[in-house]
Amino acid sequence: ESGRMTANGEAFNPRGLSAAHKHLPLPMFVQVTNLGNGRSVIVRVNDRGPFGPKERIIDLSMGAAERLGFRQQGLARVRVEAIEVREE
């Protein structure tokens with residue numbers, strides 16, 4: 001739902017590139033790759049979840065699912081890789 005607050009206090013934007021994950025620190029960036037078509041996107045983990053079936057490891061925003069090519073299906077097999085952000 002657009003505008004609701006995420007677990008780290010940001011307003012949720014369904015068209016943005018964000019995600020929900022149960023255990024990763026908030027906020028954190030991860031690269032998500034669709035194993036079916038090889039498309040990748042970097043998303044900001046800013047909420048807790050996933051909110052659906054237990055076998056899901058991450059919930060992606062509609063915008064991220066669109067970029068990865070599975071918004072219509074709703075589910076896809078993905079690889080999730082942490083992105084280390086270094087502060088100088």
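These entries go from a strand residue to the strand pairing and then to a loop residue.

Entry 1. I note that the model is predicted. I began with Thr 33, which lies in strand S2, residues 28-34. Is Thr 33 buried or exposed? I find a relative accessible area of 5%, and because the cut-off for buried is under 20%, Thr 33 counts as buried. Leaving aside neighbours within four places in sequence, I list its contacts as Gly 38, Arg 39, Ser 40, Arg 77, Val 78, Arg 79 and Glu 81.

Entry 2. I then checked the whole strand. In S2, 5 of the 7 residues are buried, so the strand is largely enclosed by the rest of the structure.

Entry 3. Which strands pair with S2? I find S3, residues 40-47, antiparallel to S2 over 6 bridges, with Val 30 opposite Val 43. I also find S5, residues 78-83, running antiparallel to S2 and joined to it by 6 bridges; there Asn 34 has Val 78 as its bridge partner.

Entry 4. I looked at the hairpin of S2 and S3. It has 5 residues between the strands, and Gly 38 takes a positive phi near 80 degrees.

Entry 5. I moved to Arg 39, in the loop between S2 and S3. Its relative accessibility is 42%, so I log Arg 39 as partly exposed. Beyond four places in sequence, Arg 39 touches residues including Val 32, Thr 33, Glu 66 and Arg 67. A polar atom of the Arg 39 side chain lies 3.4 Å from the backbone oxygen of Arg 67.

Technical notes: Residues numbered from 1 in each chain as written. Predicted model: local features only at pLDDT ≥ 70, side-chain atom pairs only at ≥ 80, totals over all residues. Heavy atoms only, no water. Helix = DSSP H or I, 4+ residues; strand = E, 2+ residues; numbered from the N terminus. Buried < 20%, exposed > 50% of the residue type's maximum accessible area, 1.4 Å probe, protein only. Contact = heavy atoms within 4.5 Å. Pairing = 2+ DSSP bridges. Polar contact = N/O pair within 3.5 Å; in protein donor to acceptor, adjacent residues only side chain to side chain.
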